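Please keep the sequence and the structure in view while reading.

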Amino acid sequence: MLYASADKIWFDAHSIYELATEFAKRGVRWLYLDEVHKYPNWSQELKNIYYDLPDLHVVFTGSSLLQILNSRSDLSRHAVVYEMQGFSFREYLNWNLNLDLPTVSLHQLLTEHTEIAMQTLQKVKVLQHFDDYLQHSHYPCL
């Protein structure tokens, strides 16, 4: 298996199709491509890989579901699409710090914000982690 991020400079001089073909020859059966929406002509190349390399399984991520479904090459007939919601900041803190911060309704937030803030600050210094949350995305790191 092989992982590649399509927003890397390597793809300025090489194609996704070239990468897939070369590594399929070497026995790679699974290709994981991240950030495909940042690569020009990605949908056509993925469609070509689908038809030309039937033993290669390709899993790809992109930030725009609409862009994937409405791509020039009509991948909607060939791709199984999953939409992943990113972590909220509370979920991010719970995951990365092994906390159990509870969900809060809008009504609770509007009427009990001071108490909620004080209880949260007893468990975690939220500002210490907020920049990391913004910088490293809101998807879990394993």
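The lining of the second largest pocket is made up, by class, of 10 nonpolar, seven polar and three charged residues. The model is a predicted one, and the space in this second largest pocket comes to about 470 Å³. Of the 20 residues that line the second largest pocket, Arg-90, Pro-102, Val-104, Ile-116 and Thr-120 are the closest to its centre. Helix H4 (89-97) and helix H5 (106-123) are the elements that give two or more residues to the lining of this pocket, and H5 gives the most, with 10 residues.

Helix H4 has a buried side as well, since a residue counts as buried when its relative accessible area is under 20%, and Tyr-92, Leu-93 and Asn-94 are buried in H4. The buried residues of H4 pack against helix H6 (126-135). Just after H4, Asn-98 takes a positive phi of about 55°.

What is Ile-16 in contact with, leaving aside its neighbours within four places in sequence? With those neighbours left aside, Ile-16 is in contact with Ala-6, Phe-11, Leu-33, Tyr-39, Trp-42, Glu-45, Leu-46 and Ile-49.

The charged side chains form two salt bridges, which are set out below with the distance between nitrogen and oxygen.

| Salt bridge | N to O distance |
|---|---|
| Glu-22 and Arg-26 | 3.2 Å |
| Glu-35 and Lys-38 | 3.8 Å |

Both pairs count as salt bridges because the nitrogen of the Lys or Arg side chain has to lie within 4 Å of a carboxyl oxygen of Asp or Glu, and the closest N and O atoms of Glu-35 and Lys-38, for instance, are 3.8 Å apart. In the bridge between Glu-22 and Arg-26, Glu-22 is partly exposed, with a relative accessible area of 32%, whereas Arg-26, at 59% relative accessibility, counts as exposed. In the bridge that Glu-35 forms with Lys-38, Glu-35 counts as partly exposed, at 23% relative accessibility.

Methods. Residues are numbered from 1 along each chain as its sequence is written. This is a predicted model: local features need pLDDT of at least 70, side-chain atom pairs count only at pLDDT 80 or more; totals for chains, interfaces and linings use all residues. Side-chain values use heavy atoms; hydrogens and water are left out. Buried means under 20% relative accessible area, exposed over 50%, partly exposed in between (1.4 Å probe, protein chains only). On a 1 Å grid over the protein atoms alone, a cavity is a set of points where a 1.4 Å probe fits but cannot get out, and a pocket is an open set with protein on both sides within 12 Å along at least five of seven lines; lining residues have an atom within 4 Å of a point. Grid points are joined across faces, edges and corners, and a volume is the space filled by probe spheres set on the points. Helices (H or I, at least four residues) and strands (E, at least two) are DSSP runs, numbered from the N terminus. Ala, Val, Leu, Ile, Met, Phe, Trp, Tyr, Cys and Pro count as nonpolar, Asp, Glu, Lys and Arg as charged, and the others, Gly among them, as polar. Contact means heavy atoms within 4.5 Å.
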